[in-house]
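Please read them against the sequence and the coordinates.

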Amino acid sequence: YATHLAKWYADLAFHYEKAKIRDKAIEYLEKAGDEAKAQYHHQQALKLYDRLLVQLQNVFSFPKKEIDTFLKKAEILRLIGNWKACQTVCEDALRLSEQIGDTPRIGWVKLVLGIIFRETGKYDNAMTYFEQALEQFEAVNERAGTGRVLRAMGIVYNYRDDYDIAM
């Protein structure tokens, strides 16, 4: 089993949940969700992430993992075109990020919100979120985030036929 453990993550998570061994349930729910997501089993991944969020809700020492799980859910919801649910999940992540003052995660959530608006043709809203995300990333010198935001902004400028600005 050790060579193919990923195949059993969901089963392990289930058993740890039933045994009320929270730390192991959290570990294997995350691994199972990530594996399902990697295999494009979107509905299964969403269910696993929902179960993970239930486990994390009462654990005060894991707010960053909760935010990251919201972002993973948001990525799937965006991929399958469930814009409203994606936005709701992002708003939950944003609220928690702001509550704990996690500047990089605030930036990542705002980037995803901007992408949602861009993909639904609401370019002004998208640019507002992109600018806010850029501020967050620049405040903590988050280069990967800054690059992703600038790329996202360039796409909007391209869609608006502002080619000079897009470059």
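1. Thr146 counts as buried, at 15% relative accessibility (buried means under 20% relative accessible area, exposed over 50%, partly exposed in between, with a 1.4 Å probe and protein chains only). Thr146 lies in helix α8, residues 143-159; helices are DSSP runs of H or I with at least four residues, numbered from the N terminus. Beyond its neighbours within four places in sequence, Thr146 is in contact with Leu134, Phe137 and Glu138, where contact means heavy atoms within 4.5 Å. The C-alpha atoms of Thr146 and Gly107 are separated by 9.0 Å, with the two residues 39 apart along the chain.

2. This is a predicted model, in which local features need pLDDT of at least 70 and side-chain atom pairs count only at pLDDT 80 or more, while totals for chains, interfaces and linings use all residues. Residues are numbered from 1 along each chain as its sequence is written, and side-chain values use heavy atoms, leaving out hydrogens and water.

3. Most residues other than glycine have a negative phi. Asn141, not a glycine, has a positive phi of about 55°. Asn141 sits in the loop between α7 (123-139) and α8 and is exposed, with a relative accessible area of 61%.

4. Tyr40 is also not a glycine and has a positive phi, of about 65°. The loop between α2 and α3 holds Tyr40, which is exposed at a relative accessible area of 63%.

Terms used:
Helices (H or I, at least four residues) and strands (E, at least two) are DSSP runs, numbered from the N terminus.
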